[in-house]
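Here are my notes on the model, as numbered points.

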Amino acid sequence: MEKTFIMIKPDGVERRLMGEIISRIEKKGFKITRAKLVKVSKELAEEHYIEHREKPFFGELIDYILEGEVMAMEVEGDFSIEIMRLMIGHRDPKVALPGTIRGDFAHSLTKNIIHGSDSIESAERELKLWFD
Ligand code: CDP
Ligand code: MG
């Protein structure tokens, strides 16, 4: 069955949204197969977001991920990669629809509560990076 990597970012943990988010994942019928609360190292944060290293927002993004603990999760279920991206909602807060996690709880382009892998390749890479 398909597995995806989900991370509740520091603002999600700080704002006590872990329960709400885990509840949505479980009610959808997905299974959380691995999970850990971690204080991320700069090396891991930079490796996780390596595709964005040349972007102007990279420094701000890494500082944000290092702000506090994150909840790293492996989520399993049919089409979990695409469906979790739908449930997470758009990165742009002006586009994220109500009913999505970002649409309901975030209004910042950077501090947007949650990450989800965007493809089979990135899910495999990210699960290995965070859990192996
Ligand atoms: O997280 P997602 O895959 O939806 O978006 P992304 O385009 O891959 O960007 C990764 C993360 O970088 C976002 O979730 C934001 O936290 C951050 N970001 C930012 O701070 N400023 C931007 N202009 C774009 C993204
Ligand atoms: Mg992305």
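1. I113 sits in the loop that joins α6 (101–105) to β4 (114–116). Helices (H or I, at least four residues) and strands (E, at least two) are DSSP runs, numbered from the N terminus. The phi angle of I113 is near 75°, a positive value in a residue other than glycine. I113 has a relative accessible area of 0% and is therefore buried (under 20%; exposed is over 50%, partly exposed in between; 1.4 Å probe, protein chains only).

2. This is a predicted model, in which local features need pLDDT of at least 70 and side-chain atom pairs count only at pLDDT 80 or more, while totals for chains, interfaces and linings use all residues. Residues are numbered from 1 along each chain as its sequence is written, and side-chain values use heavy atoms, without hydrogens and water.

3. F79 also has a positive phi, near 55°, and is not a glycine. The residue belongs to the loop between β3 (70–76) and α5. F79 counts as exposed because its relative accessibility is 56%.

4. The largest pocket holds about 520 Å³ of space. A pocket is an open set of points on a 1 Å grid over the protein atoms alone, where a 1.4 Å probe fits, with protein on both sides within 12 Å along at least five of seven lines; lining residues have an atom within 4 Å of a point. Its volume is the space filled by probe spheres set on the points.

5. Of the 22 residues lining the largest pocket, Y49, H52, R91, R102 and N112 lie nearest its centre. Two or more lining residues come from each of α5 (80–88), β4 and α7 (120–131).

Conventions
Chains lettered and ligands numbered in written order.
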